Amino acid sequence: MSEIILAAPPPAWKRALAKARSNPTTAAGALICLIIIVSAVFAPWLAPYDPTEQDIMNRLQAPGGEFLLGTDQFGRDILSRLMWGGRISLTVSLGAIAAAMVIGGVIGMVSGYIGGRFDLFVMQVMDVLLSFPSLILGLIVVALLGPELVNLVVAIALTAIAPFARVARAPTMALKERAFVEAGRALGFSHVRILFGHILPNILSEVMVMGTLWLATAVRVEASLSFIGLGVKPPTPTWGGMTRDGFENILDAPWLAVFPGIAILLLVLGLNMVGDGLRDATDPKLRNE
Amino acid sequence: MIHFIARRLLAAVPTLLAVLTLVFIIVRIVPGDPALVILGDQATPEAAAALRTRLGLDRSLWAQYFSFIGDALQGDFGVSMVTGRSIMAEVGAVLPHTIDLTLAAMVFGVAVGVPVGIWAALHRNGVIDVMARLISLIGLSFPVFVSGIFLLLAFALHWRIFPVIGSANLDDYGDRLHKLILPAIALGLVMAAYITRVTRSAMLQALSEDYIRTARAKGVPWRRVVWVHGLRNASIPIVTVVGLYVGILLGNSVLTEIVFNRPGLGKIIVGALNQRDYTMLQGLMVIYCFLIVVVNLVTDLLYGVLDPRVKSA
């Protein structure tokens, strides 16, 4: 090794964020996400109607007029249900991705740090997890555990652990050979301190960028499970569940399926736009583009 | 080449065994007694015990495990706990529908994604490139049931070009294709978007290589440089994505089958979930994973064909 770097390279996180902000696509994505997050978080105050209150006199009202996005077969206001439904989508996907990021990240870092046969074995297990189609794995886990919010988080997290382990492992393997890690070892730092104090800050941006992109996948999987009927139980509104209910009335009231579908599409799109921008900003290969 | 194939085949064996073990464990750790689930809560203890014996659930876990692995390796997944019919027969009856759908979606994804990706790469940062990137970003954000419903509303309910119900007669190829088009587009949309992106970046990479300059300097026509020299070298990442994506297509085919009301593995799996048909679930999971292991194997072999350097690695 010709050059000796004793200090860890500066975290690229801030630089990347500044760069991402100047990209119009990323900014648009962030705006979409922000609107959805605000309307979901403040749904109790912002929603014009109670999302579960039935109003038989006003069932299947077309969009426009008193009910901006119309009403469903029980006379419930679609806009209010969408705002409340966003809470489920966001809670489940944020919870699942946070769990997968922590568990998968730790597995990948430890595996890459220890190396050798242990690493081979762990990666083989991850490969097996990867060989299940994620929707099928999620479907089966939720069906077996029961359709509840916590189980949805568990199921979706389970499908995302292996990719996070992979993304954390590769840079750990490279970093553990670096001089600053060797210096830490020479100073008698514990493995835990080296891993979490010195290696973790260097791989964090990569893992976080992947987290944003996987958040989009998690939203999609949650919506898909709800659409199949394995989401949080009614009458709690979920976007996937609303799409399913609307699909059953598609001939009389197509907007019932269209609006929640657009909501899912917009949130996934917004997250993808933000994730793409962050990835481009942190990817050294693309930095000069 | 034979040596290469043999090595890849051998490498797939431990994965398959591990998958079988994992499936066995997942199905066993589920709370609830399957005998009571099938018979209902009012079942007498004798009836439940008799059913457990018939299903083999009274044997030790090890005995169940080894007979499961042994049978599975012979392609025998037993009978459905609910209907009592052979799982292979039930799956075999609908598998062609799911394979039709998955293959058609894959063809759509490649047929759209590769040319658009190349087109975008050739007009880098121009209007076409920006449009292609934006459209592919939107395309890959579509949950398959949403794109399915939108297509259904537009082309089956509004314009009535395609049928609403997708159950086709397998012997009538015209009918089969006609009923396949909308579901295949719905399912293949995300794949087309991914392939567009990967093709674009792989082509940009390939076209910046020295051998492309050499080929142009020798006077090879530009069209040939792009489609032969460029694409051939960009093909490895494209094949990788296609291979990885088949698993997602198989998973998403469940949703497509629900939206378009097509028969297939998706319908069986949703039915088995509702009825807690453990043996059926076990069999389906193994079949899904088997399909994916096969796809990975084919992908690996294709690498060998596309890039001779892979074989000696």
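Reader: What area is buried between domain 1 of chain B and domain 2 of chain B, and what part of it do carbon and sulfur atoms give?

Author: The size of an interface is often given as the accessible area lost when the parts come together. Buried area here is the accessible area (1.4 Å probe) that two parts lose on being put together, summed over both. Between domain 1 and domain 2 of chain B it is about 1,700 Å², with 79% given by carbon and sulfur atoms. On the domain 1 side, B:Phe4, B:Arg8 and B:Val27 lose the most area to domain 2, together 31% of what that side buries.

This is a predicted model, in which local features need pLDDT of at least 70 and side-chain atom pairs count only at pLDDT 80 or more, while totals for chains, interfaces and linings use all residues. Residues are numbered from 1 along each chain as its sequence is written, chains are lettered from A and ligands numbered from 1 in the order in which they are written, and side-chain values use heavy atoms, with hydrogens and water left out.

Reader: Where do the two domains of chain B run?

Author: Domain 1 covers 2–73 and domain 2 covers 88–312; such bounds come from an automatic or database domain assignment. The C-alpha centres of the two domains of chain B are 32 Å apart. Their contact (heavy atoms within 4.5 Å) takes 21 residues from domain 1 and 15 residues from domain 2.

Reader: How many salt bridges cross that domain interface?

Author: Side chains of opposite charge can pair when their charged atoms come close. The rule asks for a side-chain nitrogen of Lys or Arg within 4 Å of a carboxyl oxygen of Asp or Glu, and it finds zero salt bridges between domain 1 and domain 2 of chain B.

Reader: Which elements of domain 1 touch domain 2 in chain B?

Author: Helices (H or I, at least four residues) and strands (E, at least two) are DSSP runs, numbered from the N terminus. Those giving two or more residues to the domain 1 side are α1 (2–28) and α2 (34–39) of chain B. The largest share of that side, 15 residues, comes from α1(B). Chain B as a whole has 13 helices and zero strands, and its C-alpha atoms fill a box of roughly 85 × 55 × 35 Å along the principal axes.

Reader: What area do chain B and chain A bury between them?

Author: About 3,600 Å², 81% of it on carbon and sulfur atoms. B:Ser141, B:Phe145 and B:Leu273 supply 14% of the area that chain B buries against chain A, more than any other three residues. The contact takes 41 residues from chain B and 39 residues from chain A.

Reader: Which residue of chain A forms a salt bridge with B:Arg197?

Author: A:Asp276, with the closest N and O atoms 2.1 Å apart. The count between chain B and chain A is one salt bridge, against eight salt bridges over all chains. Another pair is A:Asp119 with A:Arg169, where the closest N and O atoms are 2.8 Å apart. This pair links distant parts of the chain: A:Asp119 sits in helix α5 (residues 116–130) of chain A and A:Arg169 in helix α7 (residues 149–175) of chain A, 50 residues apart.

Reader: What confidence does the predictor give?

Author: The complex has an ipTM of 0.84 and a pTM of 0.86. Chain B averages a pLDDT of 83, and 93% of its residues score at least 70; pLDDT is the predictor's confidence in each residue, from 0 to 100.
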